[in-house]
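Please read the following briefing alongside the sequence and the coordinates.

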Amino acid sequence: MSAAVPILEVQDLHVSYGAIKALRGVSLKVYEGEIVSVIGANGAGKSTMMQAIMAQVPRESGQIYLEGKELASKSYQVVTQGISLTPEGRRVFAPLSVYDNLMMGAFPRKDRHKIEEDLTWVFSLFPRLEERREQYAGTLSGGEQQMLAIARSLMSRPRVLLLDEPSLGLAPIIIKDIFRELKRINSEGVTILLVEQNARQALMLSHRGYVLQTGNLILEGRSEELLANPEVEEAYLGTGKTTGTVKK
Amino acid sequence: METLLQQTINGLSLGSVYALIAVGYSLVYSILLFSNFAHGGFLVIGGYICYFTLKSLGFNIWIAGFASLVGAGFSAVLTERLAYKPIRERTNVTLYLLIASMGMSIVIENIFVIVAGGRFRALPPVIPTHPVHIFGLATTSAFDILSLLAAVFFLGALQLFLIKTKWGLAIRAAAYDLRTAGLMGVNVNLLISIVFFVAGFLAAVGGIFLSVRYTLYPQLGMITIKAFVAAVIGGLGSLPGAVVGSLILGLAEMLTAGFISSQLRDLVVFSLLIITLLVRPQGLFGKNISEKV
């Protein structure tokens with residue numbers, strides 16, 4: 001696996017907000033077909049990393065490659081190149097219908113009949129969205145909004161799906177549902193990079209994981225190894241430390 | 001009774017011209033969350049392009065009108081690119097955009113003072129203004145009816161654009177959350193240019209009708225204050241609100257002029273504004289401020 005070209009590669013990424021350094025040289029690789037999770041506490045720089053990949057915050061230095069090719073510097077070009085982000089806090093378009101939200105996800109595409117196929121596909125992943133097709137997104141429950149946000153990202157037919165805190169503010173049972181669907185989405189050919197505070201849930205889903213602490217990646221490894229790692233256990237898996245962790 | 005009907009038609013006609021201006025202003029507000037004070041400038045640009053095209057290319061209102069709308073549209077895009085884009089790329093503070101727009105408003109006004117002179121100009125009689133009798137009940141002018149029809153046509157076209165097209169959908173999404181619209185693969189700068197083009201285009205329609213109604217001069221853009229008031233009464237950022245607010249304002253002005261005194265028109269307009277701000281600060285169709293983050 002290590003010989004192959006990673007589908008997404010971040011090299012020595014630095015991002016600052018004024019005087020505050022948010023990322024201090026982050027490097028990671030995601031291979032085709034993988035689910036990779038990045039875990040870390042609030043403020044570690046997880047969302048910043050995702051936004052830097054999407055070109056929503058300017059990079060101070062560092063490179064990002066998609067299949068060995070430099071990633072574009074404008075958000076809309078990044079989407080066309082095949083990366084799509086489900087942002088933290090879902091950010092569905094509340095005054096638009098579920099259908100219109102999904103069509104927004106397909107905005108850069110011109111292949112109209114394929115869009116119809118993908119609509120059927122995301123409805124098969126999240127049948128509840130089909131029932132609520134004409135409803136305003138703002139009237140959906142938190143879990144349904146998260147499903148919509150993920151489905152909306154999938155409508156651009158991404159090679160790599162970035163997910164920023166998909167479990168945020170959701171009931172454990174809904175989180176389970178959503179993570180099961182993520183597994184299915186992955187098995188249907190979408191590579192996933194996931195950042196989560198809910199470390200246990202994320203590592204149980206992913207193949208590999210990274211630990212991000214105040215702008216640095218301090219650990220990486222196979223998810224099972226990280227789950228078994230006493231340091232990780234202590235800092236991120238203890239039930240008191242993370243919000244929304246499902247107790248076993 | 002006759003006066004009532006007549007003034008109602010006049011009020012709707014004036015209100016519909018306000019609506020053309022208010023809708024563009026509100027559209028810009030909904031995307032960038034600042035009051036574009038240069039909006040009145042777009043209207044003046046439209047008016048002058050129409051005037052000079054008529055003077056130089058003969059009295060064909062269709063050619064002059066088209067040149068005016070498109071020219072004002074591109075001027076609005078240029079204003080955005082020159083004055084607002086550099087600011088919004090550096091900061092999220094919309095106050096700076098507001099201040100820049102005040103500056104652009106002064107710049108545009110003075111360009112016309114220098115180039116065209118400060119005097120009042122009457123547009124050649126290209127829009128019929130002869131009196132029209134409505135079922136023998138009231139008398140109004142063909143101009144009022146035409147301006148009402150033109151406004152309905154352009155507002156309807158805008159509505160169709162927003163509901164039926166892909167970019168219309170993107171604009172509606174961006175009005176709720178511009179940043180997330182960018183994540184969907186929308187070229188945000190292009191979207192903002194389209195919005196400014198539409199705003200300038202519609203302002204020019206209003207500009208032509210206002211030039212005929214009041215004559216054309218560089219400060220004609222000041223009349224947009226009425227459209228601002230209308231947009232605030234209707235709810236900033238809401239397009240139906242802008243239309244309803246404009247009609248209320250047009251009717252209030254004309255009914256005051258017809259039944260009390262035309263001197264009191266502006267008093268009534270600003271009283272309506274103050275009452276709205278006291279009773280329902282978010283306007284008739286406005287979103288709750290707390291809802292928009």
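This is a predicted model: local features need pLDDT of at least 70, side-chain atom pairs count only at pLDDT 80 or more; totals for chains, interfaces and linings use all residues.

Residues are numbered from 1 along each chain as its sequence is written, and chains are lettered from A and ligands numbered from 1 in the order in which they are written. Helices (H or I, at least four residues) and strands (E, at least two) are DSSP runs, numbered from the N terminus.

**Sheets of chain A**

- Four strands of chain A make an open sheet in the order β2-β1-β4-β5, with antiparallel pairing, where two strands pair if DSSP finds at least two bridges between them.
- In that sheet β2 and β5 (69-70) of chain A stand at the edges with a single partner strand each, so one side of each is left without a neighbour in the sheet.
- Strand β4 (residues 61-66) of chain A runs antiparallel to β5(A) and is joined to it by two bridges, and Leu66(A) has Lys69(A) of β5(A) as its bridge partner.
- Six strands of chain A form an open sheet of mixed pairing in the order β6-β7-β8-β3-β9-β10, with β6 and β10 of chain A as the edge strands, each of which pairs on one side only.
- Strand β9 (residues 208-213) and strand β10 (residues 216-222) of chain A pair in the antiparallel sense over six bridges, and Arg208(A) stands opposite Arg222(A) in β10(A).
- These two strands, β9(A) and β10(A), form a hairpin with two residues between them, and Thr214(A) in the turn has a positive phi of about 30°.

**Helices of chain A**

- Helix α1 (residues 46-53) of chain A is mostly covered, as eight of its eight residues are buried; a residue is buried if 20 or more other C-beta atoms lie within 10 Å of its own, exposed if 12 or fewer, and partly exposed in between, with C-beta atoms placed from the backbone.
- The buried residues of α1(A) include Lys46(A), Met49(A), Met50(A) and Ile53(A), and the helix is followed by Ala55(A), whose phi is positive, near 60°.
- Helix α1(A) lies across β3, β6, β7 (160-164), β8 (191-196) and β9 of chain A, running at about 145° to β7(A).
- Helices α3(A) and α6 (residues 142-154) of chain A pack at an angle of about 35° with their axes 7 Å apart, and their crossing is right-handed; a crossing is left-handed if the near helix is turned anticlockwise from the far one by less than a right angle, and right-handed if clockwise.
- Val98(A), Asn101(A), Leu102(A), Met104(A) and Gly105(A) of α3(A) make this contact with Leu148(A), Ala151(A), Arg152(A) and Ser153(A) of α6(A), two residues being in contact if their C-beta atoms, placed from the backbone, lie within 7 Å.

**Helix pair of chain B**

- The axes of helix α1 (residues 2-32) of chain B and α8(B) come within 8 Å and cross at roughly 160°, and the crossing is left-handed.
- The pair α1(B) and α8(B) is therefore roughly antiparallel, given that angles under 35 degrees count as roughly parallel, over 145 as roughly antiparallel, 65 to 115 as roughly perpendicular and the rest as oblique.
- Among the residues that meet are Leu20(B), Val28(B) and Ile31(B) in α1(B) and Ile192(B), Phe196(B) and Phe209(B) in α8(B).
- By class, the contact of α1(B) with α8(B) has 18 nonpolar, two polar and no charged residues, where Ala, Val, Leu, Ile, Met, Phe, Trp, Tyr, Cys and Pro count as nonpolar, Asp, Glu, Lys and Arg as charged, and the others, Gly among them, as polar.

**Loops**

- Arg90(A), in the loop between β6 (83-86) and α3 of chain A, has a positive phi near 70° and is buried, with 26 other C-beta atoms within 10 Å.
- Thr215(B), in the loop between α8 (188-214) and α9 (224-234) of chain B, has a positive phi near 70° and counts as partly exposed, with 14 C-beta neighbours inside 10 Å.

**Contact between chains**

- The contact takes 20 residues from chain A and 14 residues from chain B, and α2 (75-81) and α3 (98-105) of chain A are the elements that give two or more residues to the side of chain A that touches chain B.
- The residues on that side of chain A divide into 13 nonpolar, five polar and two charged.

Key. Axes are lines fitted to C-alpha atoms, for helices over the stretch in contact, and angles run from 0 to 180 degrees between N-to-C directions.
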